[in-house]
Amino acid sequence: MVDVLLGLQWGDEGKGKIVDYLAPDYHIVARFQGGPNAGHTLKFDGRKIVLHTVPSGIFRPDIINYIGSGVVIDPVTLARELTLVGQVMPGATGRLRISDGAHLILPTHRMLDLASEVAKGKQKIGSTLKGIGPAYMDKTGRNGLRIGDLTLPGFRARYERLRDKHLKLLKLYPEVDFDWQSEEARWLEAIDQIRQLPVVEGRYFINDALDSGQKVLAEGAQGTMLDIDYGTYPYVTSSNTVTAGCCTGLGIAPARIGRVIGVFKAYVTRVGSGPFPTELHGTAGETLRRAGNEFGATTGRPRRCGWLDLVQLKYAIMINGVTDLAMTKMDVLDGRDTIRYAEAYEIEGRRTTHFPFDAGAVPVAPVYREVAAWKQPTADLTDHTKLPEEAAAYIRLIESQTKTPIRFISTGGTRKALIVK
Ligand code: GDP
Ligand code: IMO
Ligand code: MG
C-alpha cells in the first residue's frame with residue numbers, strides 16, 4: 001500500500017516534520033512531484049535541516065528515500081543537499097534512489113523563470129525562481145531531459161540544443177541579470193556528482209517494492225491550493241500536488257493508494273501572489289507571522305497569514321480523499337484573545353460554501369465564527385488528555401465540520417512535539 005501525505009493549504013503546512021515522524025512505519029519514503037521550490041523543515045537532536053529535493057525520511061535508519069518520476073531535479077541543489085545530509089548523518093545518502101524518469105532543471109530554466117516573472121510585473125506569480133514552471137513546460141512540451149538521459153550517448157549535445165532554444169526564447173523577455181555561463185559550469189559539475197547516485201527504473205521500482213510487501217509513504221510538496229488543476233490558477237505551481245499526482249508521479253495504480261494524510265495549519269499561510277480569502281492585513285497578520293515565525297524555508301520571504309478557512313479545507317479534503325488529518329502549529333495560537341475560522345463566504349451578496357473558480361477576481365468576504373481561546377499553553381504537549389478544554393473543543397469542531405478525524409496534532413517544530421490520537 002502507498003499512504004500519501006500532502007499539504008491541504010498553500011504549502012508549508014509542516015509536511016516535512018510529519019513525514020520525518022512517520023517514516024519508521026514504512027520501508028520507502030517517496031517524493032512524487034515538485035522540485036526544489038519545496039522547503040521541508042526537520043528539527044531533531046537540536047538541529048534544524050531544510051530539505052528541498054531529498055525526501056524527509058532520509059534521517060531515519062534503514063528507510064529508502066526515493067525521488068520519483070514526477071519530480072523535477074536541479075542537480076546543483078541536489079548535490080548541495082547530499083553534502084549536507086552526509087554531514088548530518090554519514091552514509092545516509094546511500095539510502096537514496098532516483099527515478100530515471102525524473103526531469104532535469106537546466107540553468108536556463110531558472111533564467112526563464114526569472115525573465116517570465118519580470119515580464120509579468122505586478123501580475124507575477126511570486127515563483128520561488130527555481131525554474132519549476134519552465135522545466136515542467138519542457139516536460140509537457142516534450143523537450144525535457146531526464147535523469148535516465150544522463151548516461152545515453154549525445155547527452156551533452158541534447159543539453160546544448162535545449163539551452164540554445166532557451167536563449168532564443170529569452171529574447172522575447174526583458175533582459176535579466178543572470179550569468180548563465182557560470183551557472184552552466186556549476187551545473188555540469190553537479191551533473192557529474194549526480195551520475196554517481198543509484199538511478200532506478202522508475203516504472204518498476206515502486207511497483208516491485210509493493211509486490212514484495214513493502215510499505216510506501218508518498219511525500220507531497222507544495223499544497224492543494226497550489227495544484228496546477230485544482231489550485232488558485234494561475235497563482236499555482238506547475239505540478240499536480242493532489243493525491244492523483246501521486247499515481248502519475250510514482251507510476252502506481254489508484255487502487256494502490258491506502259490512507260491519505262492531509263496536513264493543515266491551525267491557521268493559514270501563503271507565500272507569493274494570489275487569492276487568499278481569510279488573509280489578515282496589518283498588525284493582525286503581523287502578530288500571527290511573528291508568533292508562527294512565518295518566513296519561507298526556501299526563499300526567506302515573509303508568509304502572508306490569516307485565519308483557518310473551512311471552506312478551503314473542506315474543498316482540499318474532497319479533492320484528495322483525505323482519510324486522516326494532521327493539524328500543525330496549534331501552539332502558535334497559544335495566548336491569543338480570539339481565534340476565528342471562516343465557515344462560509346459571501347460573494348456579491350450570496351452565501352456559499354464552495355471555493356470559487358476565480359477567487360482572485362471576485363470579492364470574497366469570509367463569514368467568520370469565533371471560538372473560545374485557551375489560557376494554558378499547548379506548546380510541546382504530547383498527551384491528548386493534557387490539552388486545555390478549549391483547544392480540545394477547537395479540534396472537535398474541525399473534526400465535526402470536516403467529517404474527518406484529526407489523528408496528529410503538532411505542538412512545536414521538533415520531532416517530539418506531537419500528539420498522536
Ligand atoms: P513544509 O514545507 O510543509 O514541510 O513546512 P515548512 O518546513 O516549510 O514550514 C513549517 C515550519 O513550521 C517549519 O519552520 C517547522 O519547523 C515549523 N513547524 C512545524 N510544525 C510546527 C508546530 O506544530 N509548531 C510550531 N511552532 N512550528 C512548527
Ligand atoms: P513546500 O513543499 C509554499 C509557491 C510560490 C509561488 C507559487 C509558484 O515547502 O510546501 P513555483 O516556484 O512553484 O513556480 O512557485 O507556489 N510555492 C510554495 N509555497 N511552499 C512551497 O513548497 C511552495 N512551492 C511553491 O511561492 O507562489
Ligand atoms: Mg515548505
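**Exercise 1. Aromatic pairs**

Task: How many aromatic pairs does the structure hold, and which pair type do Tyr315 and Phe355 form?

Solution. 
Step 1. The structure holds seven aromatic pairs. Rings of Phe, Tyr and Trp (its six-membered ring) pair if their centres lie within 6.5 Å; planes under 30 degrees apart are stacked, over 60 edge-to-face, and the rest tilted. This is a predicted model, in which local features need pLDDT of at least 70 and side-chain atom pairs count only at pLDDT 80 or more, while totals for chains, interfaces and linings use all residues. Residues are numbered from 1 along each chain as its sequence is written, chains are lettered from A and ligands numbered from 1 in the order in which they are written, and side-chain values use heavy atoms, with hydrogens and water left out.

Step 2. The ring centres of Tyr315 and Phe355 are 5.7 Å apart and the planes stand at 25°, so this pair is stacked.

Step 3. Tyr315 belongs to helix H10 (residues 310-320), and Phe355 to the loop between strand E17 (350-352) and strand E18 (364-371), so the pair ties together parts that are 40 residues apart in sequence. Helices (H or I, at least four residues) and strands (E, at least two) are DSSP runs, numbered from the N terminus.

Step 4. Both Tyr315 and Phe355 are buried. Buried means under 20% relative accessible area, exposed over 50%, and partly exposed in between (1.4 Å probe, protein chains only).

**Exercise 2. Charges over rings**

Task: Over which ring does the charged end of Lys215 sit, and over which face does Arg415 lie?

Solution. 
Step 1. A charge sits over a ring if NZ of Lys or CZ of Arg is within 6 Å of the ring centre and within 35 degrees of the ring normal.

Step 2. For Lys215, the ring is that of Tyr26, with the charged end 5.0 Å from its centre.

Step 3. Arg415 lies over the face of Phe44, at 4.3 Å from the ring centre.

**Exercise 3. The surroundings of Ser56**

Task: Is Ser56 buried or exposed, and with which side chain does its side chain make a polar contact?

Solution. 
Step 1. Ser56 is located in the loop between strand E4 (47-51) and strand E5 (64-67).

Step 2. With 0% relative accessibility, Ser56 counts as buried.

Step 3. Its side chain makes a polar contact of 2.6 Å with the side chain of Glu219. A polar contact is a pair of N or O atoms within 3.5 Å; within protein, one must be able to donate a hydrogen and the other to accept it, and residues adjacent in sequence count only if both atoms are side-chain atoms.

Step 4. Not counting residues up to four places away in sequence, Ser56 touches several residues, among them Gly16, Val29, His40 and Glu219. Contact means heavy atoms within 4.5 Å.

**Exercise 4. The magnesium ion**

Task: Which residues coordinate the magnesium ion (ligand 3)?

Solution. 
Step 1. The ion is coordinated by Asp12 (OD) and Gly39 (O), at 2.1 to 2.2 Å. Donors are N, O and S atoms within 2.8 Å of the metal (3.2 Å for Na, K and Ca); water is not among the atoms, so sites may look incomplete.

Step 2. Asp12 is in the loop between strand E1 (2-7) and helix H1 (15-22), and Gly39 in the loop between strand E2 (28-31) and strand E3 (40-44), 27 residues apart.

Step 3. Asp12 is partly exposed, at 22% relative accessible area, whereas Gly39 is buried, at 10%.
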